[in-house]
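Below is a brief report on one structure.

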Amino acid sequence: MDGCTDAVARAWSAEEFGAAAGEWQRLLTEHLREVMAGRTKVLNWSDPQQSAQAAAAWLEHPLAAGPDGVAGGMRQLLQQMLSAGQNLHHPHYIGHQVPASSPLAGLLDGAAAITNQVMAVYEMGPWATAVEQALVSRLCGLTGWDPSTSSGILTHGGSLANLTALLTARNVALPQSWRDGVPAGTTMVANADVHYCITRAAGILGLGAAAVQKVPLDARRRMDVQRLDDVLIGLRRGNRPVIAVSACAGATPTGAIDDLSAVADVCRRHEVWMHVDAAHGGSLLFSRRYRDRLKGIAAADSVVWDAHKMLFVPALCTAVLYRRREVRFETFQQDAPYLFDPSAPGMADIDVGMRTVECTKRATGFGLWGLWALFGAELFEQLVDRMLQLTMRFRELLNSEADFEALHEPECNILAFRHLPAEVRLLSLAEQNRFQRELRTQLIREGSFYIVQTTLDGMAALRATVINPLTTEQDLRDLLTAVRQCGQRVWNL
Ligand SMILES: Cc1ncc(COP(=O)(O)O)c(C=O)c1O
């Protein structure tokens, strides 16, 4: 590397890379072995300000210039990273809807990052584009559509995916809106438990977050279909344009799945775009045992499906799927001649940048493609079945204990519950809520388990997402013991 400084030459040296990668492999393998066996903490909690200062301190003196060189510096950096993070691969990680991803999928993502495979136009990521097309086609097929008449893209997460699908819905419902903005009174209708990104999308799309009409839920926290009908009738009477109905297949608080067939009937009758946020629950379509829970999804106009949830690949990898192929260019009407060659119009379908928010887009599909290629679709079915069965077992365990209360029947792998020892039962709801929250904070900071919290109709609850193939029934029993012990400490404070 003639004329390069020493730092530049070393940062791009294949030999230095090989030596650093050796350290990387050794440390990561050891780390995974320890974490997966449960011999570490789950969350390495530390004060956020102190952590930021510690991270900044690493930027003071270039490690590669020191005696340990690049490989030694990489070792130190990795040791720091791995000792201060969230250990999702610990069997006691039963928290957010982010999985203990398959480390093998991470290897392919890592290869894509190292070779910086990106997308927007085919020629920047030919294999990444091919992989994306293959995956979209399979996922459309699982949704119940003919891949030759449906379409889709991969993008960076459920939030961006929902925004993209709803933008397409808006442009189809109101074709002038891309240029002129939306007329006053434009609205979107949604399940009252939709993820906040749906409301956020309404803000971004120019409707205003307050324009989202939330449909009340039934006893199973599914969108009440009669109320949906009523809301749509009211909006029509008021001459208010509706861009979409957003239903849930795996709502964030409890994993509830709307009656999609019934929602589809109502949407069809009102001629409204049916969107299904299946970010969480879409993966049930892999399971012969559980796919019926999403019956009716094939009638949706758009579906969002996170692979970085129950398909166990590293974040982020999300599909936006359209039932009708012809809507795929409605999302954007962007003119970018430097990217999209007018002399090759056939490339519009291949160049994914025409259909995604991103211009440069990380190749997000390699992890999913790799797991599928290595183990077949059966792997995803087995994972889904295991997560759901374990969650149902967890509910039985909770129900068999007098001081625990499961708050719903699980429809997928999410379960909200409360710990209510006799003395806490006597407290007001506000005090019971404080108890649940304090006990969770204490539990996760101690590092023995990681669960999250939610609030259902004003009631604070503990919330577990069984999203780790290493978690066993015994771990769930141990969770109850740990919650109890933690509850005692909080009570005695
Ligand atoms: C139902 C649902 N939709 C969308 C999202 C947002 O997805 P992401 O975190 O990938 O942006 C979530 C996140 O958990 C979710 O539960």
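The side chains of Asp403 and Arg484 are in polar contact at 2.6 Å. A polar contact is a pair of N or O atoms within 3.5 Å; within protein, one must be able to donate a hydrogen and the other to accept it, and residues adjacent in sequence count only if both atoms are side-chain atoms. This is a predicted model, in which local features need pLDDT of at least 70 and side-chain atom pairs count only at pLDDT 80 or more, while totals for chains, interfaces and linings use all residues. Residues are numbered from 1 along each chain as its sequence is written, and side-chain values use heavy atoms, with hydrogens and water left out.

**Around Asp403**

Asp403 sits in the loop between helix H13 (378-399) and strand S10 (404-406). Helices (H or I, at least four residues) and strands (E, at least two) are DSSP runs, numbered from the N terminus. Asp403 has a relative accessible area of 15%, so it is buried. Buried means under 20% relative accessible area, exposed over 50%, partly exposed in between (1.4 Å probe, protein chains only). Leaving aside residues up to four places away in sequence, Asp403 touches Arg418, His419, Leu420, Pro421, Arg425 and Arg484. Contact means heavy atoms within 4.5 Å.

**Two domains**

Domain bounds come from an automatic or database domain assignment. Domain 1 spans 115-374 and domain 2 spans 378-492. Their C-alpha centres are 31 Å apart. At the interface, 27 residues of domain 1 contact 24 residues of domain 2. The two domains bury about 2,200 Å² between them, with 62% of it on carbon and sulfur atoms. Buried area here is the accessible area (1.4 Å probe) that two parts lose on being put together, summed over both. On the domain 1 side, Thr254, Tyr290 and Phe312 lose the most area to domain 2, together 26% of what that side buries.

Eight residue pairs are in polar contact between the domains, both residues at pLDDT 80 or more. The rule also finds three salt bridges across this interface. A salt bridge is a side-chain nitrogen of Lys or Arg within 4 Å of a carboxyl oxygen of Asp or Glu. Arg288 and Glu381 form a salt bridge through their side chains (2.7 Å, N to O).

**Strand S8**

Five of the five residues of S8 (residues 318-322) are buried, so the strand is largely enclosed by the rest of the structure. Thr318, Val320 and Tyr322 cover one side, Ala319 and Leu321 the other, and all are buried. Two strands pair if DSSP finds at least two bridges between them.

| Partner of S8 | Sense | Bridges |
|---|---|---|
| S2 (residues 151-155) | antiparallel | five bridges |
| S7 (residues 302-306) | antiparallel | five bridges |

Gly152 stands opposite Leu321. Val304 faces Val320 in the pairing.
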